[in-house]
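The sequence and structure come first.

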Amino acid sequence: MVYSICERFMTKNHPTYLEWRTHCQCDEIVSADCSLFDHEILLEYDDRRHLAENEQWLAVLVIKKGDSTPTLEGFEFCGYDLVEGEFEFHTGFGTSSLTNCSFDEVFSFKDLNKYGLLDSREEAERLQELLPKRFPDEPHAYCIICAVWRKAQNSK
């Protein structure tokens, strides 16, 4: 498990993102995507760390086939992200194939939850297998599955 502190990505504050992702129905993107917003990556959670009003903790766990998704007390489970990479010891932070790439022939924002993530582990595994077959020359198609939790300042 890897943690980060990052600003909350409220889509209304990013009109160019909404122009690009025309079918985005999310008020907020919660993602391990380092190119949408900066992450201060930390190896452990410190509940004494003060967050600014617009910041949140993220917890990201690379999910390998056969692994179960644990619960994380005090954090809200937001869903599954597909993050570019095939590294065995990947941290889970990188470019999201869901919110920062265009694979409209395979899925759209209408298929994602309110945070721009997948609710279903099975759907994440299906897309992880399908994307490289459909887009073999696209580096973002080769991705890992990450479970994403968050804890905003006003969460307890």
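## Aromatic pairs

Tyr 45 is partly exposed, with a relative accessible area of 25%; here buried means under 20% relative accessible area, exposed over 50% and partly exposed in between, with a 1.4 Å probe and protein chains only. The model is predicted: local features need pLDDT of at least 70, side-chain atom pairs count only at pLDDT 80 or more, and totals for chains, interfaces and linings use all residues. Residues are numbered from 1 along each chain as its sequence is written, and side-chain values use heavy atoms, with hydrogens and water left out.

The whole structure holds eight aromatic pairs. Rings of Phe, Tyr and Trp (its six-membered ring) pair if their centres lie within 6.5 Å; planes under 30 degrees apart count as stacked, over 60 as edge-to-face and the rest as tilted. One of the pairs joins Tyr 3 and Tyr 45, which are tilted at 40 degrees between the planes and 6.0 Å centre to centre. Tyr 3 lies in strand β1 (residues 2-7) and Tyr 45 in the loop between β4 (39-42) and β5 (55-63), so this pair ties together parts 42 residues apart in sequence. Tyr 3 is buried, at 12% relative accessibility. Ring pairs link Tyr 3, Tyr 45, Trp 57 and Phe 75 into a cluster.

Phe 77 and Trp 149 form an edge-to-face pair, 5.5 Å centre to centre with 65 degrees between the planes. Phe 77 is in strand β6 (residues 76-84) and Trp 149 in strand β7 (residues 143-152), so the pair ties together parts 72 residues apart in sequence. Phe 77 is partly exposed at 34% relative accessibility, whereas Trp 149 is buried at 2%.

## Fold and core

The protein has two helices and seven strands, in the order β-β-α-β-β-β-β-α-β along the sequence. Helices (H or I, at least four residues) and strands (E, at least two) are DSSP runs, numbered from the N terminus. Of the 156 residues, 49% are buried.

A nonpolar core is a set of buried Ala, Val, Leu, Ile, Met, Phe, Trp, Tyr and Cys residues joined through side-chain atoms within 4.5 Å. The largest one has 49 residues, of which Leu 82, Phe 107, Leu 118 and Leu 131 touch the most other members. The elements giving two or more residues to this core are β1, β5, β6, α2 (121-134) and β7.

## Cysteines

No disulfides are found in the whole structure, the criterion being a pair of cysteine sulfur atoms within 2.5 Å. The sulfur of Cys 146 is 9.1 Å from the closest cysteine sulfur, in Cys 143, too far for a bond. Cys 146 is buried at 0% relative accessible area, and Cys 78 is buried at 3% relative accessibility.

## Salt bridges

Six salt bridges are found, each a side-chain nitrogen of Lys or Arg within 4 Å of a carboxyl oxygen of Asp or Glu. One of them joins Arg 150 and Glu 76, with the closest N and O atoms 3.3 Å apart. This pair links distant parts of the chain, Arg 150 in strand β7 and Glu 76 in strand β6, 74 residues apart. Arg 150 is buried at 7% relative accessibility, while Glu 76 is partly exposed at 32%.

Helix α2 contains Glu 125 and Arg 121, four residues apart, about one turn of the helix; their side chains meet in a salt bridge (3.0 Å, N to O). Arg 126 and Glu 123 also form a salt bridge, with the closest N and O atoms 2.8 Å apart. These two residues are three apart in helix α2, about one helical turn.
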